[in-house]
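I opened this entry to keep a record of what I looked up, starting with the chain as a whole and ending with single residues.

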Amino acid sequence: MGPPGSGKGTQGALLAKDLGIEHIAVGDLLRAEVDAGTSLGRQVAATMQAGDLISDDLITELMAPKVTKAAQNGGYILDGFPRTLMQAVSARQTADEFNVDADIVIWLDVSPQALIARLAGRAGEQGRADDTAETISRRLQVYEEATRPLLDYYQGRGLLATVDASGDTSDVHAAVMAAIGQRLPA
Ligand code: AP5
Ligand code: MG
């Protein structure tokens with residue numbers, strides 16, 4: 001978990017490689033639907049462009065089969081999901097049905113100034129549709145309102161590990177691996 005630009009995608013990909021499990025990034029899945037022009041893609045494009053959240057029902061419908069399949073294949077790293085309390089509760093229900101649970105929730109902590117600089121940098125490199133100044137600001141606001149409260153939820157469940165994600169990519173990766181090592185001794 002972490003705000004826009006905190007490194008969820010970057011760290012998720014590195015972890016997936018190190019741990020040999022699937023990286024399920026909900027934003028990437030949604031952008032693929034938009035690019036392919038599917039019915040789901042057409043439904044979500046404008047909301048994503050505005051920096052608002054897609055409805056919990058659509059997200060749960062998209063994620064549940066992917067996560068349960070990955071669970072059967074040895075595990076997964078979720079990137080960008082859950083993002084609301086309702087998504088977290090419904091994910092837990094599905095996990096209970098399949099007798100699986102999260103091992104750890106990693107929160108990538110970065111200052112708002114650094115986030116904005118990273119996303120502005122990516123806007124120049126990749127031209128992602130939601131990396132405009134206006135939408136970045138909205139995404140940060142949505143994160144504060146809808147997603148930050150989940151930190152208390154996961155803290156309460158004893159799953160939360162906070163990682164300082166303001167350093168360079170390899171330092172953050174080392175800190176993430178250390179947090180995993182502490183919680184899940186080999
Ligand atoms: P999503 O694609 O998940 O976007 P996001 O949360 O805004 O986060 P980003 O992907 O922009 O950042 P990131 O944390 O992955 O950082 P990254 O590694 O790329 O979601 C997009 C939209 O989809 C949402 O706005 C919403 O509309 C919808 N959506 C998604 N999930 C949803 C859900 N669960 N419910 C409802 N709607 C949902 O890094 C960013 C940049 O920084 C890159 O250029 C990278 O190279 C650079 N960088 C990374 N790490 C470092 C570092 N350590 N130092 C310097 N630069 C770094
Ligand atoms: Mg991402």
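I began with burial and noted that 38% of the 186 residues in the protein chain are buried, where buried means under 20% relative accessible area, exposed means over 50%, and partly exposed lies in between, all with a 1.4 Å probe and protein chains only. I kept in mind that this is a predicted model, in which local features need pLDDT of at least 70, side-chain atom pairs count only at pLDDT 80 or more, and totals for chains, interfaces and linings use all residues. For bookkeeping, residues are numbered from 1 along each chain as its sequence is written, chains are lettered from A and ligands numbered from 1 in the order in which they are written, and side-chain values use heavy atoms, with hydrogens and water left out.

**Overall form.** I looked up the radius of gyration, which is 16 Å and agrees with the value near 16 Å for a compact globule of 186 residues; this radius is taken over C-alpha atoms, and the globule rule is 2.2 Å times the number of residues to the power 0.38. The C-alpha trace spans about 40 × 35 × 30 Å along its principal axes. I then listed nine helices and four strands, arranged along the sequence as α-β-α-α-α-β-α-β-α-α-α-β-α; these are DSSP runs numbered from the N terminus, helices being H or I of at least four residues and strands E of at least two. Of the contacts with a separation of 6 or more, 74% join residues 24 or more positions apart, a contact meaning heavy atoms within 4.5 Å.

**Ligand 1.** Which residues come nearest to ligand 1? I found 30 residues around the ligand, with Thr 10, Asp 52, Arg 83, Arg 122 and Arg 139 coming nearest, where a residue is near if one of its heavy atoms lies within 4 Å. This shell divides into 10 nonpolar, 10 polar and 10 charged residues. Helix α2 gives the largest share of the shell, four residues. I also checked distances from backbone N or O atoms to oxygen atoms of ligand 1, and noted 3.3 Å for Ser 6, 3.1 Å for Gly 7 and 2.6 Å for Asp 52. The protein covers 87% of the 1000 Å² of accessible area that ligand 1 has on its own, by the Shrake-Rupley method with a 1.4 Å probe.

**Arg 139.** Is this residue buried or exposed? Arg 139 has 10% relative accessibility and therefore counts as buried. Arg 139 sits in helix α7, residues 133-147, and, with neighbours within four places in sequence left aside, its contacts include Arg 122, Asp 130 and Asp 131.

**Val 105.** I placed Val 105 in strand β3, residues 105-109, and read its relative accessibility as 8%, so Val 105 counts as buried. The C-alpha atoms of Val 105 and Ile 180 are separated by 9.4 Å, although the two residues are 75 apart along the chain.

**Backbone geometry.** Most residues other than glycine have a negative phi, and most peptide bonds are trans. A cis peptide bond joins Phe 81 and Pro 82, with omega about -5°, and Pro 82 is in the loop between β2 (76-79) and α5 (85-97). Asn 99, in the loop between α5 and β3, has a positive phi near 60° and counts as exposed because its relative accessibility is 71%.

Definitions and conventions. Polar contact = N/O pair within 3.5 Å; in protein donor to acceptor, adjacent residues only side chain to side chain. Nonpolar A, V, L, I, M, F, W, Y, C, P; charged D, E, K, R; others polar.
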